[in-house]
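Subject: Structure handover

Hello,

Here is the structure we spoke about. Please look through it first; the findings follow below.

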Amino acid sequence: MRHFPTLAAGLALIGAALPAAAQEAERIQVTGEAIDTWCYFSGVMGGPEAVVGSSHHTCALWCSAGGIPVGLLGEDGQVYMVLKIGDDATSNGGDTQLSIASHTITADGMLYKRDGINYLVVAEVVADQDIINRTHEDFGVVPGFAIPEPGQ
Amino acid sequence: MSAPSLALALSLLAGAAVAQDFSEGSDAREWGLYGESKAFFAATVVDPLCELTGDCPDNCGDGARQLALLREADGVMVLPLKNGQPAFTGGANELLPFCGQAVEVDGLLITDAELGAQNVYLVQTIRAEGASEWIKANRWTKDWAAANPDAAGQGPWFRRDPRIAAEIAREGWLGLGPEEDAAFLKEWFQ
């Protein structure tokens, strides 16, 4: 019995690490920009500040339509992978997610944390500010070829 | 707690705390990305919305949903963000034929603690467990071509996709509307 506190602490830590614990959900309201998670996480097109907002809007459309997961880059700096918006679970290139590319929205929904990834099931988009992150003023267009040369 | 149970519990705890190296046996092609690491592993293809919420349609949603890889070695749910094509294309279409099946995959994990990138993946090849032949994860553009036989114009899919073209026609390349777009384009191409 004298080892009980040690075992209890170990079991608590283990419980927190098991997948079942991560499937518990928390209702949250998060404000953030609908981003292209591949370019943001991989750095393939440049630094994280350049692959958001208006500079990257065309690429965000490409990636959303191309089935790359859309995330909300929250004001807290965390990325929330959007699995569903309202009744629309079309997270693989769906119209709803395409329509909010680069928009800053406020989403009310359920947050599931699993293996270091935040998954968001949005019940309602309570505010849509459209595109307010005017990154083109600093970065132009990213990638540079996103807008074809006139006449091409 | 019995000794075997304690050992199992401690091994799970250790596995959760220390990121594992899945590069052994990988033939993945490097992309030169910050935070990339080759990763070959066995997994089951799952629908993450189903795994997390219990909302489980037939066949993982028939292509509508993102799909994930429940890794056999440690139970971690890996989310593929990308397929193997350098064409702005995701991984879900590549996994869909294997919904609910045990597979092996090869590709690149992306890990960047500063940005919060963890357990996200670029899948390059996939095969059903026990199969000898690998399948390249490059079906996305074929699926797109089949779904868009009348897409006009020249060039890659993203230059011809009707939905993207409609968004750009309505809101411009920057998404800020035609007037801002026109002013920007004049300066951008000077």
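Buried area here is the accessible area, taken with a 1.4 Å probe, that two parts lose on being put together, summed over both. Please keep in mind that this is a predicted model.

The interface between the chains

By that definition, chain A and chain B bury about 5300 Å² between them, and carbon and sulfur atoms give 68% of this area. On the side of chain A, the residues that lose the most area to chain B are Trp38(A), Phe41(A) and Trp62(A), which together make up 14% of what that side buries. In terms of contacts, 61 residues of chain A meet 60 residues of chain B.

Polar links also cross the interface. Between chain A and chain B there are 16 residue pairs in polar contact, both residues being at pLDDT 80 or more. The count of salt bridges between the two chains is three. One of them joins Arg163(B) to Asp95(A), with 2.6 Å between the closest N and O atoms.

Several elements of chain A give two or more residues to the side that touches chain B: the helices α1 (4–17), α3 (37–42), α4 (57–65) and α5 (95–99), and the strands β3 (79–85), β4 (104–114) and β5 (117–128). Of these, α4(A) gives the most, with seven residues. Sorted by type, the residues on this side of chain A are 36 nonpolar, 18 polar and seven charged.

Aromatic pairs

How many aromatic pairs does a search of the whole structure find? Over all chains, the number is 14.

One pair is formed by Phe145(A) and Phe88(B), with ring centres 6.4 Å apart and planes at 50°. An angle over 60 degrees would count as edge-to-face and one under 30 as stacked, so this pair is tilted. The pair crosses between chains: Phe145(A) sits in the segment after α6 (136–139) of chain A, and Phe88(B) sits in the loop between β3 (77–82) and α3 (92–95) of chain B. The two residues can also be described by their accessibility. Phe145(A) is partly exposed, at 44% relative accessibility, whereas Phe88(B) is buried, at 9% relative accessible area.

Another pair, Phe22(B) and Phe41(B), is edge-to-face, with 5.9 Å from centre to centre and 65° between the planes. This pair links distant parts of the chain, 19 residues apart: Phe22(B) is in the loop between α1 (3–17) and β1 (36–46) of chain B, and Phe41(B) is in strand β1 of chain B. Phe22(B) is buried, with 10% relative accessible area, and Phe41(B) is buried as well, with 4%.

Ring pairs also build a cluster, which consists of Trp62(A), Phe145(A), Phe88(B), Trp140(B), Trp144(B), Trp157(B) and Phe158(B). Trp62(A) in this cluster is also among the residues of chain A that lose the most area to chain B.

Chain B as a whole

Chain B has seven helices and six strands. Their order from the N terminus is α-β-α-β-β-α-β-β-β-α-α-α-α. Chain B has 190 residues, of which 44% count as buried. Taking the contacts in chain B between residues at least 6 apart in sequence, 58% join residues at least 24 apart.

A buried aspartate in chain A

Is Asp108(A) buried or exposed? Asp108(A) has a relative accessible area of 12%, so this residue counts as buried. Asp108(A) is part of strand β4 of chain A. The side chain of Asp108(A) makes a polar contact of 3.0 Å with the side chain of Arg27(A), and another polar contact, again of 3.0 Å, joins the side chains of Asp108(A) and Gln29(A). Leaving aside residues up to four places away in sequence, Asp108(A) touches Arg27(A), Ile28(A), Gln29(A), Val122(A), Ala123(A), Glu124(A) and Val126(A). Leu120(A) lies 12 residues from Asp108(A) along the chain, and the C-alpha atoms of these two residues are 9.2 Å apart.

Regards

Notes
Residues numbered from 1 in each chain as written. Chains lettered and ligands numbered in written order. Predicted model: local features only at pLDDT ≥ 70, side-chain atom pairs only at ≥ 80, totals over all residues. Heavy atoms only, no water. Contact = heavy atoms within 4.5 Å. Salt bridge = Lys/Arg side-chain N within 4 Å of Asp/Glu carboxyl O. Polar contact = N/O pair within 3.5 Å; in protein donor to acceptor, adjacent residues only side chain to side chain. Helix = DSSP H or I, 4+ residues; strand = E, 2+ residues; numbered from the N terminus. Nonpolar A, V, L, I, M, F, W, Y, C, P; charged D, E, K, R; others polar. Phe/Tyr/Trp six-rings, centres within 6.5 Å; stacked < 30°, edge-to-face > 60°. Buried < 20%, exposed > 50% of the residue type's maximum accessible area, 1.4 Å probe, protein only.
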